[in-house]
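Me: I'd like to learn how to read a two-chain model. Can you take me through this one?

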Amino acid sequence: MDITLTISGEAGQGVKTLGSLAARTLFDRGYFIVQDESYHSRIRGGLDAITLRVSDRERHAMRPQMDVFIPLASSVLPYHAAGNGHEAELGPGTRVLCDSASGIDLPGEVSLPASERATALTGDARAANVFLFGALCRMLGIPLDQATAAARNVLPQRLQETNLPVLAEGYAQPVMEAWSLPERRLSGYVLANASQAIGAAAIVAGVRFYSGYPMTPGSGIMNYLAAHAEQYGIVVEQAEDEIAAANMAVGASYAGVRQMVSTSGGGFALMVEALSLAGMTETPIVIVDAQRPAPATGLPTRTEQADLWYVLQAGHGEFVRMVSAPRTPEDAFDLTLKAYDLSSKYQIPAIILSDQQLADTLVTVRRWDLGDVHLNRHLAEQGTYQEPYQRYALTPSGVSPRLVPMQTEWPVVADSDEHDESGHLSEDLDNRERMVEKRLRRQRDLLMELDDPLVLGGGPTLLVGWGSSFGALEELVQEYPADLRLVHFNEVWPLKTERLLAEMSQARMVIAVEGNATAQFAGLIARETGQRIEHTLGRWDGRPLTAAFIERRLHDMEVI
Amino acid sequence: MWKNGMDIAWCPGCGNFALLDAVNRLVESSDIPRSHFLYVSGIGQAAKLPLYLKGVNVLDGLHGRALPAAQAAKIANRELTVVVHSGDGCNYGEGGNHLLAAIRRNVDITLIVHDNQVYGLTKGQASPTTALGTTTVAQTLGVMLEPFNPMAAAVALDCSFVARTFVGDQDHLVSTMRAAMHHHGFSLVDVLQQCVTFNRVNTFGWYKERVQSLPDDYDPTDREAAFKTALEWGDHIPIGVLYTHERPSYEDLHPVLDDQPPLWQRWNTDMAAYTPLLDELA
């Protein structure tokens with residue numbers, strides 16, 4: 001069972017409310033959800049489309065062929081035409097539910113007096129969404145009491161009394177029950193996007209300070225932490241710019257708190273000098289870059305995997321960093337905890353490469369087991385450092401015991417200039433050599449902490465992917481297990497290459513699949529292994545990779 | 001040049017030496033233990049001062065970016081006494097936006113600006129406070145930008161504490177910096193000092209002839225009078241505490257920064273506390 005339903009309208013028409021009502025109802029009924037939002041960068045008008053994929057098994061990607069279409073405005077119809085290639089598409093079997101006042105005329109359409117009845121019952125035509133929601137539940141074979149429960153959960157208290165009769169009337173419409181979705185038992189799951197998962201993991205990891213500057217799609221994490229700030233004791237500071245946000249991150253971490261910064265590519269650009277400062281001062285920081293299509297302002301509300309080389313190289317000079325790229329919201333939680341742990345342990349910046357797809361797409365994922373979480377701040381304990389204390393003491397691993405101010409009586413001296421073991425500026429060139437080697441040799445042990453890539457399928461054609469492309473690739477390999485094999489990374493720097501090389505040597509053909517135009521991960525693999533991946537398959541229209549998109553390209557390449 | 005057993009990177013005769021002596025006097029005479037001080041700086045000759053102090057915490061960051069780091073460190077640990085030392089270029093040029101925001105944010109830290117009206121470490125270019133018409137290696141046709149008036153800008157922004165002092169008067173220097181440090185809220189101290197190598201106009205003698213302590217009956221809480229005083233520059237340059245506005249600091253206003261231990265000491269490993277976070281998503 002696999003149903004795709006799309007609610008599409010202009011920004012400001014309440015698409016989100018209808019989407020949330022549907023998602024809540026279907027999640028509560030025990031179905032797995034993937035909820036994508038496709039929208040223009042504006043407050044009114046344009047396009048705002050929510051697509052829900054409803055399934056009886058766990059999925060992590062969209063399916064662009066609509067089974068049910070609820071257009072709220074005729075202006076959005078061209079976006080959803082069959083074969084448009086970007087938005088959820090109309091097909092021959094798509095059922096259409098719409099308001100008879102909308103002037104929409106599509107084959108197979110069920111036209112209902114939604115705004116007319118909404119106005120009659122509440123005095124507000126906007127309640128038409130609730131009417132259509134009622135009709136949708138009827139179409140999906142969901143009982144009215146479940147729809148009502150969801151409405152009580154999602155709608156603001158003040159609207160419930162007037163809107164629940166609208167819901168009931170929508171439900172009573174003569175709509176054919178096209179599906180009958182029985183109640184399923186689904187326990188141990190949550191419905192989350194990566195902004196929520198990263199935010200929740202940051203709180204669990206002990207984040208006490210967030211600094212940032214609003215930028216779509218990175219702001220979701222700021223908003224999440226702000227909403228939980230008082231309850232969990234977090235100072236959320238909207239800085240004057242991203243330069244300040246990143247330097248605040250260094251200051252807060254130097255003084256001993258776990259911090260978080262989130263942004264998108266353009267904001268990250270302003271943080272780069274501070275990234276280098278964290279590298280030189282060996283200050284742990286965690287930064288999320290929620291990628292969107294660039295260069296420059298690009299497409300603010302769309303997705304892309306095109307900041308990989310950028311975050312790998314960002315910052316002047318040479319320093320150790322780690323870069324993770326979550327596959328799903330579930331993975332984002334785990335990788336965020338790991339980013340905090342390893343950045344503290346190795347005293348390095350950790351970058352989490354999210355993207356708009358991950359940040360905005362709600363997915364049903366397994367609930368995290370907090371019993372598995374073991375926190376460590378990795379601050380030096382008495383007896384583990386030499387006295388007098390030196391912040392940059394030379395050690396075989398390159399990791400110096402880390403104190404923070406007032407942890408002991410010892411002062412903590414951190415310097416962005418090249419410095420000696422005590423932290424004092426030094427222009428001694430022998431010292432320079434020792435310090436460069438000390439800082440860089442931490443990467444050896446760091447690499448050992450990372451996981452091997454995930455491998456799925458048993459076919460002769462090897463697909464190589466990373467980050468948010470996972471859901472689409474996983475689905476495709478499950479469909480073609482005898483043709484395809486997948487090797488997929490969620491930790492992209494430092495790069496663990498053994499398993500990849502073994503897989504590549506056995507493959508008949510290797511194809512890099514990425515959400516960008518220049519196959520950046522394939523380029524990284526070539527740089528690190530000397531092995532060039534000849535075939536690449538990219539997507540750069542700002543929309544997430546789907547199994548259908550990749551499948552079409554693989555057909556063209558005569559691989560499947 | 002060697003001093004206090006350290007190889008100090010300043011030119012002989014630099015105004016920074018008097019400042020260093022004053023800071024040492026301030027730290028020595030203070031009841032606050034050395035390990036509770038955090039000195040933060042940007043980049044420049046002035047910004048090296050914290051590295052010549054003993055026993056205090058130091059975070060020597062990026063050019064222009066000392067203030068964001070210093071404010072965050074203070075938020076992380078309210079028990080630290082946080083003082084920023086950096087030059088006119090660092091604070092009024094590169095970090096201008098951060099100065100505006102720091103004044104508005106009013107975190108309880110002190111900013112000491114070593115203002116010698118020129119860029120020293122990069123060898124003689126104009127700073128935001130260089131006088132109109134001054135020719136330099138970079139401004140070969142003379143400075144065409146109106147000089148920045150930090151005192152007037154700070155009063156205009158209702159900065160919680162605004163003062164100016166001069167390296168030629170040790171007692172005034174120490175007492176002004178002490179008052180700033182004890183003031184609750186964001187404090188700005190502009191310190192006039194000579195650059196013996198690159199500023200041949202605003203010399204020690206030039207300042208000495210012009211600086212005048214504010215009269216005893218001066219009322220620093222009168223904002224309009226303070227603004228007028230802040231505009232005085234030329235034959236007479238007023239020094240002293242120009243303006244104060246006692247009000248709650250950022251930390252006082254922030255409900256998270258209450259009477260509990262400082263943020264950095266709050267560390268929770270009881271995972272049960274986070275169950276509601278996951279329940280919310282189910």
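Me: How many residues of chain B are in contact with chain A?

Reply: Two residues are in contact if their C-beta atoms, placed from the backbone, lie within 7 Å. Here 45 residues of chain B are in contact with 54 residues of chain A. Bear in mind that this is a predicted model, where local features need pLDDT of at least 70 and side-chain atom pairs count only at pLDDT 80 or more, while totals for chains, interfaces and linings use all residues. Residues are numbered from 1 along each chain as its sequence is written, with chains lettered from A and ligands numbered from 1 in the order in which they are written.

Me: Which element gives the largest share of chain B's side?

Reply: Helices (H or I, at least four residues) and strands (E, at least two) are DSSP runs, numbered from the N terminus. H2(B) gives the largest share, 8 residues.

Me: Which strand of chain A pairs with E4(B)?

Reply: Two strands pair if DSSP finds at least two bridges between them. Strand E15 (residues 413-415) of chain A pairs with E4(B) in the parallel sense, over 3 bridges. There, Ala414(A) has Leu59(B) as its bridge partner.

Me: Why is strand E3 of chain A largely enclosed?

Reply: A residue is buried if 20 or more other C-beta atoms, placed from the backbone, lie within 10 Å of its own. In E3(A) (residues 45-55), 8 of the 11 residues are buried, so the rest of the structure largely encloses this strand. E1(A) pairs with E3(A) in the antiparallel sense over 9 bridges, and E2(A) runs antiparallel to E3(A) with 8 bridges. E2(A) and E3(A) form a hairpin, with 5 residues between them.

Conventions. Buried ≥ 20, exposed ≤ 12 C-beta atoms within 10 Å, placed from the backbone.
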